[in-house]
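This briefing goes through one structure by topic.

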Amino acid sequence: METPATAKSTSGLRGDYSRAADDWTVTQDWDSYSEQEHDRWRRLYARQGALVQHHAAPGFLMGLNRLDCAAGIPRFNDANRLIGEATGWQLVAVPGFIPDETFFDHLANRRFPVTRWIREEHELDYLVEPDLFHDFFGHVPMLLDPAFADFLAAYGQAGERAMAMDALDMLARIYWYTVEFGLLDTPKGLKAFGAGIVSSAGETVFSVTDPDVLRLRFDPERVMRTAYAIDDFQKVYFVLDSTQQLIDGLVDLDFGPIYTAYRDKEAFVPGEARDTDAIYPMHRNAKDQT
Ligand code: HBI
Ligand code: FE
């Protein structure tokens, strides 16, 4: 197994890994945030908080509201009281990206790793790695949704087998197209709940209003076979009817045969529709274009 020291010396990752514990956690050290960093959080929150009112799913908005964290960088311990009571999850601070194995182990045990550093002033609109704003604003509200919370723990439990079967790419696509970039079909139209979307101003609007981007009804096998890009808006989104669909469609699904059937095949190109696809009709959303 890798040690924090290895990652520190061999990777180009941001963040201070030198004080990480064996499970790669660190202390949040809330007192060390500068007034500029709190101010940066407030500005990111003000912009994104306004946009998500129009475009995010009701469950995300309810969670965000309950977290009550517009005034400055939140204390993880405060959030932990709320989340622990609601769904049994806890936040743990991490220096940044951590090894897959450890990441899955945290999720399986209802610990969500949150990066402790916040992006710099020149990267308010975009960065590739997760930072505090993406991890907290984007991910933590959904941890208050009971169905989502149960699904995410089950996802963590699925990691070991996917790694053993050399099919981690296929499992990671489930996370990517739901937890990071998932959309929901709601009575008020198409809404976003994925953290990669709701922590990005541009993609929050694009994902739910672009008339042309491919949107498909959620289908686990289709998702597991679809490649993705990490450096641009997504070229395909998957639409759920509810977060309960993550439980009903995935938790009892045996991924083994799907891994075996497709892990050695070329993945589908993200923006290309296939004959068997259930395309989400954008006109259903027409009443909610803002
Ligand atoms: N570490 N901090 C952090 N955040 C992630 O989202 C993350 C990670 N390590 C591994 C990982 N994601 C993914 O590659 C796995 O879900 C496959
Ligand atoms: Fe994320």
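S3 and strand S6 (residues 236-240) run parallel and are joined by 2 bridges; two strands count as paired if DSSP finds at least two bridges between them. Helices (H or I, at least four residues) and strands (E, at least two) are DSSP runs, numbered from the N terminus. The model is predicted: local features need pLDDT of at least 70, side-chain atom pairs count only at pLDDT 80 or more, and totals for chains, interfaces and linings use all residues. Residues are numbered from 1 along each chain as its sequence is written, while chains are lettered from A and ligands numbered from 1 in the order in which they are written.

- Of the 5 residues of S6, 4 are buried, so the strand is largely enclosed by the rest of the structure. A residue is buried if 20 or more other C-beta atoms lie within 10 Å of its own, exposed if 12 or fewer, and partly exposed in between, with C-beta atoms placed from the backbone.
- Strand S3 (residues 183-186) pairs with strand S4 (residues 189-192) in the antiparallel sense, over 4 bridges. S3 and S4 form a hairpin with 2 residues between them, and Thr186 stands opposite Gly189 in S4.

**Leu183**

- Leu183 is found in strand S3. It counts as buried because it has 27 C-beta neighbours inside 10 Å.
- Leaving out residues up to four places away in sequence, Leu183 touches Leu190, Lys191, Ala192, Ser207, Val208, Arg215, Tyr237, Phe238 and Val239. Two residues are in contact if their C-beta atoms, placed from the backbone, lie within 7 Å.
- Leu183 and Asp241 are 58 residues apart along the chain, and their C-alpha atoms are separated by 8.8 Å.

**Shell around ligand 1**

- The residues around ligand 1 are Val94, Gly96, Phe97, Ile98, Asp100, Phe103, Pro113, Thr115, Pro130, Leu168, Ala172 and Tyr175. A residue is near a molecule or strand if its C-beta atom, placed from the backbone, lies within 6 Å of it.
- H5, S2 and helix H8 (168-180) are the elements that give two or more residues to this shell. The largest share, 3 residues, comes from H8.
- By type, the shell divides into 9 nonpolar, 2 polar and 1 charged. Here Ala, Val, Leu, Ile, Met, Phe, Trp, Tyr, Cys and Pro count as nonpolar, Asp, Glu, Lys and Arg as charged, and the others, Gly among them, as polar.

**Helix H5**

- In helix H5 (residues 100-108), the buried residues are Phe104, His106 and Leu107. They cover an arc of only 160 degrees around the axis, which puts them on the same side of H5; the arc is that of the directions from the helix axis to the C-beta atoms.
- Strand S1 (90-94), strand S2 (111-115) and helix H7 (146-164) are among the elements that cover these buried residues.

- H5 is followed by Arg110, which lies in the loop between H5 and S2. Phi of Arg110 is near 60 degrees, a positive value in a residue other than glycine.
- Arg110 is partly exposed, with 18 other C-beta atoms within 10 Å.
- Asp166, in the loop between H7 and H8, is also a residue other than glycine with a positive phi, near 55 degrees. With 11 C-beta neighbours inside 10 Å, Asp166 counts as exposed.

**The chain as a whole**

- The protein chain comes to 13 helices and 6 strands. Its radius of gyration is 18 Å, close to the 19 Å that the globule rule gives for 290 residues, so the chain is as compact as a globular protein of that length. The radius is taken over C-alpha atoms, and the rule is 2.2 Å times the number of residues to the power 0.38.
- Taken along the principal axes, the C-alpha atoms fill a box of roughly 55 × 45 × 35 Å.
- Buried residues make up 41% of the 290 residues.
- Among contacts between residues at least 6 apart in sequence, 67% join residues at least 24 apart.
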